[in-house]
Amino acid sequence: MSLDLPLIFAILMGASILAYVVLDGYDLGVGMLMPAASDAEQDVMAASIGPFWDANQTWLVLGVGILLIAFPTAHGYILGALYLPVAAMLTGLMLRGVSFELRMKAVGWHAELWNWLFWFGSFLASFAQGFMLGRYLTAFQPGWNYLLFSLLVGAALCGGYVLLGATWLILRTQGPLQAKAMGWTKWGLLWVALGVALVSLGTPVVSEQVYARWFDFPQTLALMVLPAASVVSWLWVWRSLGRSDWKPFAGAVAIFVLAFLGLAYSVFPYVVIGWLTLWEAAAHPSALSVTLIGVAIVLPFLIGYTVFAYRVFSGKAKAGLYGK
Amino acid sequence: MDAGDALLLARAQFGLNIAFHILFPTISIALAWYLIAFRVRYARTGDAGDLATYRLWVKIFALTFAIGVVSGITMSFQFGTNWPGYMEQVGNIAGPLLGYEVLTAFFLEATFLGVMLFGMNRVSTRVHMVSAVMVAVGTTLSAFWILALSSWMQTPAGHVMDGDALIAGDWLEVIFNPSFPYRFTHMMLASGLTASFLVAGLSAWRLLQAAADAGALRTLRAAAVAAAVLAPLQVVVGDLHGLNTLEHQPAKIAAIEAAWKTQQGTPLVLFAIPNELAGRNDFAIEVPKLASLVLKHDFDAEIQGLEDFMPDIPPVAPVFFAFRIMVGVAVLMLALAWFGAWRLRRPAPPRWLLWAFAGMTFSGWIATLAGWIVTEIGRQPWLVTGILRTTDALGRVPEAALGASLAGYVFVYSVMLLAYIVVLTHLAREGARP
């Protein structure tokens with residue numbers, strides 16, 4: 001076989017991570033927005049993500065799984081370097097997972113506690129993911145400037161998830177909650193714009209690799225398509241508020257896809273920047289090909305039943321335990 | 001700090017995570033099949049009480065599943081962070097097995113769980129029942145793949161060396177390695193028993209509050225009968241599993257029996273304090289020749305003692321005691337299941353019997369954890385028997401980071417476990433409400 005297996009797996013891994021960020025991003029965003037809503041609205045918000053959040057998280061397991069299977073050396077290195085933020089993210093995901101189930105079953109101050117933990121877990125997981133991205137982009141270098149940069153990316157990603165969550169609520173709710181979600185979307189948009197601007201200004205300072213990639217003259221012009229398209233998506237989200245239920249969410253997803261492509265371009269062909277390329281880090285071809293067979297067989301079914309589940313739950317969300 | 005501390009911390013952390021995690025799949029694997037039974041029953045009768053029973057248990061399942069998922073995500077990260085040497089050495093075998101678990105099981109169960117939980121009024125009865133079946137198939141497939149990997153680490157087969165690392169020579173041999181059929185069956189039965197005692201125990205708890213709850217009594221009866229059928233099967237499979245271990249991992253059996261010397265007519269040690277420094281048992285109570293009979297079905301057969309495997313022997317005391325805890329709890333479960341199934345055929349169960357079932361609600365957890373301790377500590381000092389030592393797989397994460405995150409995990413797990421048990425007993429006390 002002359003397939004470039006490491007490249008195929010890098011693309012699969014990227015696709016899983018993108019799917020994770022968009023899918024779990026909206027439910028993490030909804031989690032972070034909880035405190036801004038009334039008790040009754042919180043139940044509707046929870047109901048809007050209820051059928052999906054378990055499966056959404058599975059994309060993270062797949063992304064990390066592919067890193068483990070296809071690039072085992074990089075898996076150990078990256079996750080070792082990110083040990084504490086990974087632990088923080090996992091703690092956040094665990095807290096919110098268990099809180100999501102318990103907030104529906106508890107009463108009184110217990111319910112309040114689980115609500116608060118659901119918010120906190122969502123926030124902690126989101127922030128930790130952004131922080132990890134920042135550390136990854138700066139090749140895990142020590143120093144306060146790199147740390148500051150990573151904190152900035154953490155904050156920016158929270159804004160991005162809030163944007164996804166708010167536009168998801170526009171799509172899935174109606175009435176006063178939907179109107180509130182439009183307001184949240186505007187805040188999310190401003191937050192994202194500020195975050196992206198600061199991160200873009202910071203990147204040349206903290207990463208030569210990324211800087212060289214983007215400001216190498218003739219390519220720069222062609223590359224400007226990505227930021228330009230992001231600006232267009234940003235404006236599109238703002239303009240379609242109140243005019244369409246689905247366009248704001250689609251626009252928010254577009255912003256994430258574009259940002260992801262930009263990051264992928266910044267990093268390629270490295271798995272660990274400046275040290276390991278994806279071909280150097282790849283596992284044995286026998287392990288890759290046997291996994292690829294599984295992917296090829298399972299992926300159509302997976303996409304099929306995922307689409308099925310989203311169709312079953314299309315339309316506006318209603319409050320109530322398990323949609324009763 | 002020396003390398004020993006880091007090894008201990010890494011093992012403590014991984015052991016804590018894996019032990020916490022396995023509690024929840026152990027329930028959800030078999031509870032998923034219980035849910036199908038409850039769902040089918042409601043579809044047949046259309047009775048509001050049956051619907052309420054289904055709804056009660058689907059709530060408990062959802063909570064169990066959620067904790068299983070989130071603690072499982074932790075596992076997928078810790079393979080690499082705590083044991084990078086593991087992935088470097090055997091990643092070409094472990095990776096694809098884990099990959100197949102994610103691909104064939106995780107998405108299936110998580111997606112159809114959404115439909116099962118939230119879709120009862122949105123899809124037809126048939127589609128809803130198919131969703132319940134898909135969830136159960138997913139949980140079982142997940143157990144299949146992870147036990148294939150776990151068994152391969154115990155009794156590796158089907159691999160070849162390629163440079164410094166292993167690759168698979170024959171995937172069917174890797175998956176269906178010598179101990180896999182026994183381990184998989186043993187774990188599925190353990191799940192069945194754990195779920196049965198949970199269902200029986202919580203139903204008994206409900207009956208102690210409201211003796212007239214006919215639905216709870218019916219559920220208790222069904223679970224007791226299921227346990228009475230599964231328990232003797234588990235005894236047979238456990239014995240076969242032990243014989244398989246004797247063939248492939250004799251050092252583990254020697255540790256289970258605390259048999260230090262190789263001899264004919266090895267006694268069965270009922271109780272002792274294994275003295276690892278002196279290589280003997282203190283305060284031993286023994287039945288002459290019984291171990292030879294149990295293991296080789298012959299009073300005078302020779303059993304290899306730990307002395308034959310020095311220095312590669314597991315820590316004896318934890319394996320020895322965990323095995324006795326597992327067997328002890330199993331005997332209690334068998335006795336209660338049989339007596340309960342017989343007595344519950346008559347109306348009005350006595351309160352002491354209900355208390356007995358309520359007290360044994362989480363007995364499956366204890367037996368299962370003890371069993372995993374036997375098999376995993378019994379594998380030491382190997383991570384993959386004969387191929388990779390646990391010491392050689394250790395990563396370079398600083399002790400401080402390991403210690404800090406360990407403390408964090410202990411805290412979060414304690415909160416989750418406490419909340420889980422409180423919520424379950426609370427739901428059970430309220431009972432199934434139409």
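Reply: In this predicted model, Gly72(B) counts as buried because 22 C-beta neighbours lie inside 10 Å, the threshold for burial being 20 or more. Gly72(B) belongs to helix H2 of chain B, which covers residues 48-82.

The contact between the chains comes next. Here, 52 residues of chain A are in contact with 57 residues of chain B. On the side of chain A, the elements giving two or more residues are helix H3 (53-70), helix H4 (72-81), helix H5 (83-105) and helix H14 (285-312). H5(A) provides the largest share of that side, with 15 residues. Divided by class, the side of chain A that touches chain B holds 33 nonpolar, 16 polar and three charged residues.

Two helix pairs within chain A illustrate the packing there. Helix H7 (residues 144-172) and helix H8 (residues 175-206) of chain A have axes 7 Å apart and pack at an angle of about 155 degrees. H7(A) is therefore roughly antiparallel to H8(A), since angles over 145 degrees fall in that class. Their crossing is left-handed, and the contact of H7(A) with H8(A) comprises 23 nonpolar, nine polar and no charged residues.

The other pair is formed by helix H1 (residues 5-33) and helix H6 (residues 109-137) of chain A, whose axes come within 8 Å and cross at roughly 130 degrees. H1(A) is thus oblique to H6(A). The crossing of H1(A) and H6(A) is left-handed. From H1(A), the residues Leu28(A), Gly31(A) and Met32(A) meet Phe118(A), Trp119(A), Ser122(A), Phe123(A), Ala125(A) and Ser126(A) of H6(A). This contact of H1(A) with H6(A) divides into six nonpolar, three polar and no charged residues.

Some backbone features of chain B remain. Most residues other than glycine have a negative phi, and most peptide bonds are trans. Against that background, a cis peptide bond joins Met310(B) and Pro311(B), with omega about 0 degrees; Pro311(B) lies in the loop between strand E6 (302-303) and helix H10 (316-343) of chain B. Gln380(B) and Pro381(B) are likewise joined by a cis peptide bond, with omega about 5 degrees, and Pro381(B) is placed in the loop between helix H12 (363-377) and strand E7 (382-384) of chain B.

Two alanines have a positive phi. Ala258(B), with phi of about 50 degrees, sits in the loop between helix H8 (250-257) and strand E3 (263-264) of chain B. Ala258(B) is buried because 27 other C-beta atoms lie within 10 Å. Ala348(B) has a positive phi near 50 degrees and is found in the loop between H10 and helix H11 (351-359) of chain B. Ala348(B) counts as exposed because it has 7 C-beta neighbours inside 10 Å.

Definitions and conventions. Residues are numbered from 1 along each chain as its sequence is written. Chains are lettered from A and ligands numbered from 1 in the order in which they are written. This is a predicted model: local features need pLDDT of at least 70, side-chain atom pairs count only at pLDDT 80 or more; totals for chains, interfaces and linings use all residues. Helices (H or I, at least four residues) and strands (E, at least two) are DSSP runs, numbered from the N terminus. A residue is buried if 20 or more other C-beta atoms lie within 10 Å of its own, exposed if 12 or fewer, and partly exposed in between; C-beta atoms are placed from the backbone. Axes are lines fitted to C-alpha atoms, for helices over the stretch in contact, and angles run from 0 to 180 degrees between N-to-C directions. Angles under 35 degrees count as roughly parallel, over 145 as roughly antiparallel, 65 to 115 as roughly perpendicular and the rest as oblique. A crossing is left-handed if the near helix is turned anticlockwise from the far one by less than a right angle, and right-handed if clockwise. Ala, Val, Leu, Ile, Met, Phe, Trp, Tyr, Cys and Pro count as nonpolar, Asp, Glu, Lys and Arg as charged, and the others, Gly among them, as polar. Two residues are in contact if their C-beta atoms, placed from the backbone, lie within 7 Å.
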